[in-house]
Amino acid sequence: MSEPLVVLDKVEKQFGDFTAVREASLEIGAGEFVAIMGPSGCGKTTTLRMLAGLDAPTSGEIRIAGQRMNEVSAHDRDTPMVWQTLALFPFLNVRENVEFGLKMRGVAAPERKKRAMLWLERMEIAQFAERNVEILSGGQRQRVALARSLVTEPQLLLLDEPLSALDAHLVIRMQAVLTKLQRELGITFVYVTHSQSEAFAMADRVVIMSQGEIAQVGSPRDIYRAPASRFVAEFVGRNNILTGKAISEAEVDTKLGLVSVVQTTPGAPVNMVIAADMMHVLREGEMAENRIEATVLSEEFVGSVVTVFLEGDDGTELKVQMQERSLTGLDLRAGTRVALGWSAADTHILPDRTQDGGPA
C-alpha cells in the first residue's frame, strides 16, 4: 500500500516555552479534502504553516509524497497557500497576479500568459484579466487568488480561512466552486477554518484540534454524531450534554431524571450527548423513550430551521433544532414549560477517558 501524500509523524512546534502543536500525527491521502478546525490558539494555523514550510517543526517529521520536508524551505516546496487576506499584488493586474508563480519558476512569457488565461477562464473571470485587482469584488479577488495558486498544478493546496472575509451569499457560492475544483482536479486540499458549516459542507474528513493536540479525526457525520470527547461535543455545538451515573446497563441517573441508553457500565460516571436535532418538543399526550422537563429561553431562526434554547430544572442548557413548519401548534414563548423527548438509540455516550472534558 502506497504512503499517503501527507504524513505528520508526532510533530511538535514550540515558540519559547509555549507549545503550539503537540505530537500531532495525521495522514492525508492523495485527492482528499481535509478541513482543520478548532478554537483560536488551538494550533491549526501553525500546523498549516509547517506544511507550507513557513515554520519548521521543533520535533517529529513531516513527509510529503514520501519526502522528509522538515528542512525544505517554503520556496522549494510545491505547496501554495491561499491566505485569509488573499495577499494579491496591488501593483499587478489580474493576469499578472496569476502568472506570478509561473514566472518564479522560469516559465516563458507566452506560455505563462496562455496558462494564466486558461485558469482565468476556468474561474469565469477571464474578462477581468487586464484589470487592477483592487477594483474587483471580494468574490472575484477570491477567484484570482485560487487561480494563482492552482496555475502551477500542485499536488497539494493549503487554504487558511480563505472565505472568512466574504459576505454570506458569496461564501456559499465559493464553497461550491472550491468543492467542484477539488473533485475535478484531484488535488489534495488542506483547509483551515473556524466555520463548522464550511468544513462539514466541503471536507471528506475533519480534524478537530484543541490546545495544540488533535482531539478527533473523522468524517463530518462521525464528528457530529459521535464526538470522541466532551470538548468536541461542545465545540461542534448544537449538542446537549447530560451527566450522571449508570444504575444499570441501560439506565443513567441524572439530575433531570432517569435516562435510558442502549448500553453502559453499571456504577460508572457517564457523559451523554444528544444532538439538538434528535431531541424534540413533545406535544400533549405524546410519549417518548426519554422525557425531561425544561423551560423555554429563546428561539433562533436560520432560514427554515429554528433552534429552541431551553434550561433544565438543574440549570443545564438544552437545545432543540427543528424545521420551522414543525412549530405549528407549539407554544414556545420564553418562560413556557415543555417536555422534551428522544430515543435511547440517539444517546451517544462519550468514552470513559474523556469524562474530564479534555481532548481525547
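**Contacts, salt bridges and spaces**

The side chains of Ser195 and Ser197 are joined by a polar contact of 3.0 Å, a term that covers a pair of N or O atoms within 3.5 Å, where within protein one atom must be able to donate a hydrogen and the other to accept it, and where residues adjacent in sequence count only if both atoms are side-chain atoms. The model is predicted, so that local features need pLDDT of at least 70 and side-chain atom pairs count only at pLDDT 80 or more, whereas totals for chains, interfaces and linings use all residues. Residues are numbered from 1 along each chain as its sequence is written, and side-chain values use heavy atoms, with hydrogens and water left out.

Ser195 itself is placed in the loop between β8 (188–192) and α6 (196–202); the helices (H or I, at least four residues) and strands (E, at least two) are DSSP runs numbered from the N terminus. With a relative accessibility of 13%, Ser195 counts as buried, since buried means under 20% relative accessible area, exposed over 50%, and partly exposed in between (1.4 Å probe, protein chains only).

Across the whole structure, a search finds 20 salt bridges, each a side-chain nitrogen of Lys or Arg within 4 Å of a carboxyl oxygen of Asp or Glu. One of them pairs Asp313 with Arg337 at 2.7 Å, N to O. This pair links distant parts of the chain, 24 residues apart, with Asp313 in the loop between β17 (305–312) and β18 (317–323) and Arg337 in strand β19 (residues 337–342). Asp313 is exposed, at a relative accessible area of 54%, while Arg337, at 44%, counts as partly exposed.

Another salt bridge joins Glu293 and Arg291 at 3.7 Å, N to O, and here Glu293 is partly exposed at 32%, as is Arg291 at 47%. Glu61 and Arg68 also form a salt bridge, their closest N and O atoms being 2.9 Å apart, and both belong to a network of salt bridges that links Glu3, Glu61, Arg63, Arg68 and Glu71.

On a 1 Å grid over the protein atoms alone, a cavity is a set of points where a 1.4 Å probe fits but cannot get out, a pocket is an open set with protein on both sides within 12 Å along at least five of seven lines, and lining residues have an atom within 4 Å of a point.

There is 1 cavity of 30 Å³ or more, and the largest cavity holds about 40 Å³ of space. Its lining consists of Leu8, Ala24, Leu26, Ile36, Thr47, Val207, Met209 and Ile214, with β2 (18–28) and β9 (205–210) as the elements that give two or more residues.

The largest pocket has a volume of about 620 Å³ and is lined by 18 residues, among which Thr79, Pro80, Met81, Phe100 and Arg105 lie nearest its centre. At least two lining residues come from each of α2 (94–104) and α4 (138–150), and α2 gives the most, with 3 residues.

The second largest pocket has a volume of about 450 Å³, and of the 18 residues that line it, Gln196, Ser197, Arg238, Val302 and Gln321 are the closest to its centre.

Definitions and conventions: Points joined across faces, edges and corners; volume = space filled by probe spheres on them.
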